[in-house]
Amino acid sequence: MNTIEERLWNYIDGSCSEEERKAIDILITQDEAYRSKFEELLNFDSHLAKMGMDEPSMGFTFKVMEGIRAEEALKPLHARINKNIIKGIGGFFIITILFFVVYMLATTHIAPVNLSKGLSNGLKLPEGIKMPDLKNYFNKPVLEAFFCVDVVLGLFLFDAYLRRKKVSKQILK
Amino acid sequence: MQSKLSDIELIEQVLAGNQAAYADLVKRHQRFIFTLALRFSKNREDAEEIAQDCFIKAYRSLASFQKQSKFSTWLYSIVYTTAMTFLRKKRLDTDSIDDENTYIQLENQSSALGNNMAEIKSRSHYLNQAIAQLLPDDAAIISLFYMGEQSLEEIGQALGIEANTVKVKLFRARQRLKEKLEKNLKGEVKELI
């Protein structure tokens, strides 16, 4: 059996049945004890509903977001590394190789050849084909430029890694 | 300025890679999450730690949020488990919330401020103080029901209990709160209850 207070709380919270609600309506209007208890509980309920909330510190949101960033920074390097950088470096090498292949093929002089003569002379290259001199392509300036680009890309990756490390250290302090 | 987007819209933005949208979600719910954490920990520093931890955990598992319940309900369930883990770690005796220090502090304040204290300080302040003396579960149920505007079903979902159990617990929590207020404010209690 519910106590008066329990029944009234259910009535105030709206968690009682329709029948119960009607019965309590009547009791409140007719029974002084019920009415006084009801008013008391209703007053208490309204104060609870108006209750203020506590404020966290000013920088709370910032701290949460920094915490999230720190977590992200703590992920292993292979998981965090920007895949575009890897793709970019890969692309650079593929394009460089392709460029050299195309360039070599384009500059290779091919003249009409007498194949039968060529075969009879063993495995020698046909007379019409002249192999390009590799020294012309891999000369000093080209190699220097190639290594320079490699060094720049390497430094760029290393710098990105050091920056992340520094940021994660600062956050954890 | 807070975003006018709904919680679900903000979550979708976060999941699409817009981390800044999560800051809006934090701003929107931080007061209540902090208050709830404070109900459990009874200490502002610990409450901030719990609330921060809760938001970080929520971010981490945002992709697993089913969107069937309210984001706030999901968040409260995280606060509850985070706070419980935190309290266990700190080995706080949650059964002795009638903490002597808390009560002594309240009594000192009462005698220092005199009889017109109720006029000087807000009713909300006394209610919050009395709630701070309740058991964490009681305090959480009262906070969820009144501040979080959660239904009995939603509270049950957040705390992992039946709605009927929540109803009974809420009734008992309110009774205990009244007792605390009567004890703390003596004559002035009639203004509050």
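Predicted model: local features only at pLDDT ≥ 70, side-chain atom pairs only at ≥ 80, totals over all residues.
User: Which conventions apply?

Analyst: Local features need pLDDT of at least 70 and side-chain atom pairs count only at pLDDT 80 or more, while totals for chains, interfaces and linings use all residues. Residues are numbered from 1 along each chain as its sequence is written, chains are lettered from A in the order in which they are written, and side-chain values use heavy atoms, without hydrogens and water.

User: At what angle do helices α2 and α4 of chain B pack?

Analyst: Helices are DSSP runs (H or I, at least four residues), numbered from the N terminus; axes are lines fitted to C-alpha atoms over the stretch in contact, and angles run from 0 to 180 degrees between N-to-C directions. Here α2(B) (residues 20–41) and α4(B) (residues 71–90) pack at about 40 degrees, with axes 10 Å apart.

User: How much area do chain B and chain A bury between them?

Analyst: Buried area is the accessible area (1.4 Å probe) that two parts lose on being put together, summed over both. The two chains bury about 3500 Å², 62% of it on carbon and sulfur atoms. In chain B, R31(B), Y146(B) and F171(B) lose the most area to chain A, together 18% of what that side buries.

User: How many salt bridges are counted between chain B and chain A?

Analyst: A salt bridge places a side-chain nitrogen of Lys or Arg within 4 Å of a carboxyl oxygen of Asp or Glu. The count is seven; one salt bridge joins E5(A) and K178(B) at 3.5 Å, N to O. On the side of chain B that touches chain A, α2(B) gives the largest share, 11 residues.

Definitions and conventions. Helix = DSSP H or I, 4+ residues; strand = E, 2+ residues; numbered from the N terminus.
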